[in-house]
Amino acid sequence: MKIAVIGLGYVGAVTGSCLVDIGHQVTLIEKNLEKVETFNAGISPISEPGLTDLIVRGLTSGNLKAIGDGATEFLAADLVIVSVGTPTDPATGKPDLSSIVNVAQELGIALKTRTGTLKIAIASTVPPGTTEGIVRKYFDQEGIPQDKYALAFIPEFLREGSAISDFLHPTRFIIGSRSEVEAQEFMNLRPELADITFLTKTETSEMLKTVENSWHATKITFANEIGRISKSVGVDENEVMELLIADNKQNVSPTYMRPGFAFGGSCLPKDLRSLVFLGQSHGVEIPLLAGITQSNANQIEVAVNQIVSIKKQRIGILGLAFKANTDDLRESPSVTLIERLLGKGFKVQVHDFEVDGAKLFGVNLNTWNQHSHLAENMIADASKLIQESDVVVLAQHNLRYLEILKNLPDDKILVDLTGLTKKSKK
Ligand SMILES: NC(=O)c1ccc[n+]([C@@H]2O[C@H](COP(=O)([O-])OP(=O)(O)OC[C@H]3O[C@@H](n4cnc5c(N)ncnc54)[C@H](O)[C@@H]3O)[C@@H](O)[C@H]2O)c1
C-alpha cells in the first residue's frame, strides 16, 4: 500500500519505518523541515533502539522518505495515518487538538480533487468524539462526499524504548469506526494481525487509549503507595508486591475489572480503612488509596440520583447482601441505597435470596436491627416485588436474578447497577 504518515515524531518515525519493513511504501509528512532533512540523511529524529537501522534500510530501498508538505502525496496515497501531537494542558488536562484540525483541513483540500477512496486512520491519542466531531464534521461542512474517504481511529499502543517490537507484535489491533463497512477498509493494513483484530465504535477506541494509559498510571501509583506504606512500617515492599502479583485469579486478572455497583462487605471497606490509617498514622501521604472510600460512596450516590431521576414512586430492589450467596449485610451498598431512598420518601421493597432476618446472628443481626426499615420492606417473592414496583433495581451481581428479569413486563423500568444484564446480552 502507498501510505502517507503525518507527523514525524515518536509514533510517526516508528510507524513509517516499520510499515516499510513489512512491505508498504511510506512517505512521512513533517512540517519541521530540520527533522525532514535529518531523517532523509538516515539519522533518526528520536532515540529508539533499532530505529536507525530500519530507517536506513527503508531509505535505501526507496520505499521510505520524509517530506515537508503532503499536498501531492495525499493525492496519490491509498492510506493516510495521522500521528501528530495532541498535548494536554498541565493545569486543566484539556487536550490541544489544533494539529488534528489542521490535518483535517489539509486532507480536505486533497479529498476535493483526488479520485478514489482515501483511507484515513487517526493514530494520535484524542478524546472520544474527535474523529467524528472534528475530522468527519469538517469534511461534511466542506461538502466532501462520504464515498471519497473511509475514516477510522486506530489507537497506537507502542511504548518508547520498545516501540519497534510493540508496533510489530501488538497484543491487539483495534479499528474504531462508525460502521463495519468503513472499518473493513482498514483490515488490509495489518492482515498478519487478523486473529487479534477487534472492530469497535470510534468513540470506544478513542476512549480506550486514554483509559489504558490511565490504568498503567494507576497501577504504578498503587504499587508506589504500597511501597511507601510498607517502608514506613519496615516491611519489604517488593516482597509484598511479588506475593500480590503471584495470584492470577483475583489480583492480576479480569476479576473486579467491570464497572458495576459499589463494593461493600465485611472485608474490603474495613481493610482498606485499616491500610489507609496505617499509612497516614506513619505520616505517609497516599491520595490514591485514601480517595477510594469517597469514590465508592459516590457510586452509591450516582445510583440514588439515577433512581430519583426516573420520578416513579414504587422501587423494588433485588439484592440486599453485599454479594450473591451470602447473607452478610455489613457495609452492603444496597443497605445504604435503600436508606437513602426511604429517606427521600420512596416506597421501597427489597428481595434477597439469602437474607432472612429471623436467621441472622451477631454483627449481621446488629446491622439488621440498626436498619429497622429493612424488615418492614423485605419481600420473600421476587416476582411479587416486580409486580408491585414501577422501577426494578438490580443491586446484586446474582445470576439467579437474570432468570427472573428475563420476563420483566414492558411497563417496568429496569435499573441494572451491576452491569449483569448488559453482559448477558452479549
Ligand atoms: N510517544 C508515544 O510513546 C506515543 C504512543 C502512542 C500514542 N501516542 C500519541 O501519538 C501522537 C503523536 O505522539 P508523538 O510522541 O509521536 O508526538 P511528537 O510531538 O513527537 O510528534 C508529532 C509531530 O507531528 C508534527 N506535526 C504536527 N502537525 C503537523 C502537520 N499538520 N503536518 C505535519 N507534521 C505535523 C510535529 O511537528 C511533530 O514533529 C500523540 O497524540 C500521542 O499522544 C504517543
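Modeller: In this predicted model, Ala121 is in contact with Leu79, Ile81, Val82, Ala152, Ile154 and Phe186, leaving aside its neighbours within four places in sequence. Ala121 belongs to the largest nonpolar core, which has 58 residues. Within that core, the residues with the most contacts are Val80, Val82, Ala121 and Ala152. Helix 1, residues 10-21, gives the most to this core, with seven residues. Apart from it there is a second, separate core of 32 residues, which includes Phe322, Leu329, Trp368 and Tyr401.

Eight strands make up an open sheet with mixed pairing, and their order is 3-2-1-4-5-6-7-8. Strand 3 (64-67) and strand 8 (197-200) stand at the edges; each has a single partner strand, so one side of each is left without a neighbour in the sheet. From one strand to the next, the twist averages 25°.

One of the pairings involves Val26, whose bridge partner in strand 3 is Leu64. Helix 2, residues 33-40, lies across strand 2 and strand 3 and runs at about 160° to strand 3. Helix 9, residues 202-232, also packs on the sheet, where it touches strand 6 (149-153), strand 7 (173-177) and strand 8. The direction of helix 9 makes about 130° with that of strand 7.

Notes. Residues numbered from 1 in each chain as written. Predicted model: local features only at pLDDT ≥ 70, side-chain atom pairs only at ≥ 80, totals over all residues. Pairing = 2+ DSSP bridges. Helix = DSSP H or I, 4+ residues; strand = E, 2+ residues; numbered from the N terminus. Axes fitted to C-alpha atoms, helices over the stretch in contact; angles between N-to-C directions. Contact = placed C-beta atoms within 7 Å. Core = buried A, V, L, I, M, F, W, Y, C linked by C-beta atoms within 7 Å. Buried ≥ 20, exposed ≤ 12 C-beta atoms within 10 Å, placed from the backbone.
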